[in-house]
Amino acid sequence: MLGGTSEARALAAELERCGVRAVSSLAGRVTEPRLPTGEVRIGGFGGPEGLAAWLGREGVAAVVDATHPFAERIGASAASASAATGVPLLRLERPGWRAGRGDDWRWVDSLEDAAGMLPALGERVFLTTGRQGLPAFAPVTDVWFLIRCVDRPDPPLPPNAEVLLDRGPYTVDTERTLMRTRGIDVLVTKDSGGRYTEAKLTAARELGCPVVVVRRPRRPVVTTVGTVADALAWVQSVLRHDDGMAR
Ligand code: NAP
C-alpha cells in the first residue's frame, strides 16, 4: 500500500484485522509521520523501475495507491510498475470537496495561479497548501500570510508571514478562532477532500471569507474507489482470485 493518508492508515488497520499481510509505504517527507499499524517501509523506490523491482522481490499480489490526491509522481510510478509486472493496482482516492450554499470559492489550476489571484482578493491570507509548494507564494510581497504546515518549511517563503506548525485535527471552533484572531480575509487550500481538514472551509463560510481552491492534478486512469471498505473488498477479491488460480 502506497500511503501517507488517513485512508491508507484505515485500510492498513482493516487489512490487519482481516489477517491480510500488508506493507505500508511512506515517502519519508514528514519528520515524525503518523504510522499505520502493521509493517511499514519508508523512502522512495527509485522511480517506476525501482517500484517494479520491489514488487517482484517482495512477491506482492496487489498494490493499493492510497497516496494523497496531490502526490503527483507516485501515481504514475504505480501505474507503470503495475503494467510492467502485471500486479493489479487499485487507486483509493477520497472524493474532492464541493462548494455549498454560502461558499465563495475560486477554483485555480495551480499554486502559482492561486498566488497571482491573492492581492486582488484580500490582505491577510491563511495558506494551508502544505510545505512543498510554498515557493510559489514567495513573490507575493503585498499581502500577509499565516502559513500552516506540519514541518518547518524551507525558504523561499513570502516576506510577510507567520509560520504555524500544526497537524490537526482541527474543529470548526478552533479554525474560526484562529482565522478571527489573525484577521484572515482569504483562505487558500488544495482540493484535498476528506473530513480531516474540512473544518477550515466551514469556518471560512461562516466568516464570509473567499476561498481559493487548487484543483487536483491529473493522474493516470486506473481502477479507482472512494472508500476504505471498497478498497478492502477489492484486495480480498484479488487474493481470492490468486488463491483459486493456485489450487
Ligand atoms: P509525489 O510527488 O507523488 O512523489 C515524489 C516521490 O516520492 C515519488 O516519485 C516517490 O519516489 C516518493 N514517494 C511518494 N509517495 C511515496 C510512498 N507512499 N512510498 C514511497 N515513496 C513515495 O508525492 P509528494 O507530493 O512528494 O508526497 C509524498 C507523500 O506524502 C505521499 O505518499 C503522499 O501520500 C503524502 N502526502 C502528500 C501531500 C501533498 O499535498 N502532496 C499531502 C499529504 C500527504 P521514487 O520515485 O523514488 O519512488
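## Helix 1 against helix 7

The crossing of helix 1 and helix 7 in this predicted model is right-handed. Helix 1 covers residues 6-17 and helix 7 covers residues 228-246; their axes come within 10 Å and cross at roughly 45°.

On the side of helix 1, the contact is made by Glu7, Ala10, Leu11, Glu14, Leu15 and Arg17. Helix 7 contributes Val228, Ala231, Leu232 and Val235. By class, the residues of this contact are 7 nonpolar, no polar and 3 charged.

## Helix 2 against helix 3

Helix 2 (residues 47-58) packs on helix 3 (residues 72-85) at an angle of about 50°, and the axes are 8 Å apart. That angle makes helix 2 oblique to helix 3. The crossing of helix 2 and helix 3 is right-handed.

From helix 2, the residues in the contact are Gly47, Pro48, Leu51, Ala52 and Leu55. They meet Ser77, Ala78, Ser80, Ala81 and Thr85 of helix 3. The contact of helix 2 with helix 3 divides into 6 nonpolar, 4 polar and no charged residues.

## The two sides of helix 4

Helix 4 spans residues 111-121, and its buried residues are Leu111, Ala114, Ala115, Leu118 and Leu121. These residues lie on the same side of helix 4 because they cover an arc of only 125° around the axis. Exposed residues Glu112, Gly116 and Ala120 are carried on the face of helix 4 turned away from the buried side.

The buried residues of helix 4 are covered by elements that include strand 5 (105-108), strand 6 (124-127) and strand 7 (144-149). Strand 9 (186-190) and strand 10 (211-214) are also among the covering elements.

## Pro153 in its loop

Pro153 sits in the loop between strand 7 and strand 8, the latter formed by residues 161-165. With a relative accessible area of 8%, Pro153 is buried, because the cut-off for a buried residue is under 20%.

Leaving aside neighbours within four places in sequence, the contacts of Pro153 are with Arg131, Leu134, Val163 and Leu165.

Key:
Residues numbered from 1 in each chain as written. Predicted model: local features only at pLDDT ≥ 70, side-chain atom pairs only at ≥ 80, totals over all residues. Heavy atoms only, no water. Buried < 20%, exposed > 50% of the residue type's maximum accessible area, 1.4 Å probe, protein only. Helix = DSSP H or I, 4+ residues; strand = E, 2+ residues; numbered from the N terminus. Arc of directions from axis to C-beta. Contact = heavy atoms within 4.5 Å. Axes fitted to C-alpha atoms, helices over the stretch in contact; angles between N-to-C directions. Left-handed = near helix turned anticlockwise from the far one by under 90°. Nonpolar A, V, L, I, M, F, W, Y, C, P; charged D, E, K, R; others polar. Parallel < 35°, antiparallel > 145°, perpendicular 65-115°, else oblique.
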